[in-house]
Amino acid sequence: MSIEIRGLTKFYGTTPAVDGIDLSLDDTAKVLALVGPSGGGKSTLLRLIGGLEPPDSGSVCIDGKPVPPHEKGLREWRRRNGFLFQSFNLFPHLTAMENIVLPLVEVHGWDRTEAGERAREVVERFGMSPHLWKKPAELSGGQQQRIALARAMAHGPGLLLLDEPTSALDPEMKTEVLELIEELCRGGQRIILSTHEMGFARSSADAVVFLGGGKVIESGTAEAVFERPASEVVKAFLGKVMKW
Ligand SMILES: Nc1ncnc2c1ncn2[C@@H]1O[C@H](COP(=O)(O)OP(=O)(O)O)[C@@H](O)[C@H]1O
Ligand SMILES: [Mg+2]
């Protein structure tokens, strides 16, 4: 996907969470990883790209199409994408099946039977068929995140936005979910994710953007950012997080 971001700014109170970001990526990048310290602006940038909220100024274009600046257009933009957040993704009172079917019917206007078939198909692909009729509390954290991922991509999103999809999981469950995301990447799904899993970003992302203080500190191929970072901030961060 090509991404053109110009002067993008978003304030919360008097603090800019995203502070005048300019970014240009050509369409050789299918998977983009946002990395960097907590509070750096990763989640805010993801929300702006996904149209969950409008920016205070600036613009985002994906594949030449501008993310609409107003709520009316944003609703349609959101529908075209898929989202997965760190945790609390599923409706606790609904089965895995209903968690996937409901948005297909209510948000995307699918017919119920068709939505049910699609839910079974993605759940099977994600190795979760035996758990179709369980509620979230009956599933492990990793299984819940796999169902949430199945739901995020069931409608065939143009762009899948993942905000620290594994940070609430135990190491073993992390691996389960990362393997699934990797499979989606290999299948050509276009993904923008924020993550603290540097090994995963290094091996699966085509492009990496390092955010700090709401600004792009460094961006480039995964290899360039991880192996030859130019900025002292990035070097220090990587030195710390890759120490063990
Ligand atoms: N809804 C919000 N209300 C107030 N401040 C926020 C909100 N979301 C984010 N922030 C602030 O914006 C900055 C960037 O946060 P965030 O985008 O969540 O960074 P990251 O995802 O990299 O940890 C932080 O200083 C954070 O405290
Ligand atoms: Mg965040």
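Which hand does the crossing of α3 and α4 have, left or right? I will answer that in a few minutes, after the overall picture. Please keep in mind that this is a predicted model.

Let me start with the whole chain. Its secondary structure comes to nine helices and ten strands. The radius of gyration is 18 Å, close to the 18 Å that the globule rule gives for 244 residues, so the chain is as compact as a globular protein of that length. Taken along the principal axes, the C-alpha atoms fill a box of roughly 50 × 45 × 35 Å.

Now the helices. In general, a pair of packed helices is described by two quantities, the angle between the axes and the distance between them.

As for the hand, the crossing of α3 and α4 is right-handed. On the α3 side, the residues that meet α4 are Ala96, Met97, Ile100, Val101, Leu104 and Val105. On the α4 side they are Arg112, Ala115, Gly116, Arg118, Ala119, Val122 and Val123. Sorted by class, this contact has ten nonpolar residues, one polar and two charged.

Helix α3 also packs against α5, at an angle of about 20 degrees and with the axes 9 Å apart. Angles under 35 degrees count as roughly parallel, so α3 and α5 are roughly parallel to each other. Here α3 passes α5 in a right-handed crossing. From α3 the contact takes Ala96, Asn99, Ile100 and Pro103, and from α5 it takes Ile147, Ala150 and Arg151. That makes five nonpolar residues, one polar and one charged.

Gly141, Gly142, Gln145, Arg146, Leu149 and Met153 of α5 make the contact with Met173, Glu176, Val177, Leu180 and Leu184 of α6. By class, the contact of α5 with α6 has six nonpolar, three polar and two charged residues.

Last item, the ligand. Which residues surround ligand 1? They are Tyr12, Thr15, Ala17, Ser38, Gly39, Gly40, Gly41, Lys42, Ser43, Thr44 and Ser194. Two elements give two or more residues to this shell, namely β2 (15-25) and α1 (42-50). Of these, α1 gives the most, with three residues. By class, the shell around ligand 1 has two nonpolar, eight polar and one charged residues.

How values were computed: Residues numbered from 1 in each chain as written. Chains lettered and ligands numbered in written order. Predicted model: local features only at pLDDT ≥ 70, side-chain atom pairs only at ≥ 80, totals over all residues. Near = placed C-beta within 6 Å. Helix = DSSP H or I, 4+ residues; strand = E, 2+ residues; numbered from the N terminus. Nonpolar A, V, L, I, M, F, W, Y, C, P; charged D, E, K, R; others polar. Contact = placed C-beta atoms within 7 Å. Rg over C-alpha atoms; globule rule 2.2 N^0.38 Å. Left-handed = near helix turned anticlockwise from the far one by under 90°. Axes fitted to C-alpha atoms, helices over the stretch in contact; angles between N-to-C directions. Parallel < 35°, antiparallel > 145°, perpendicular 65-115°, else oblique.
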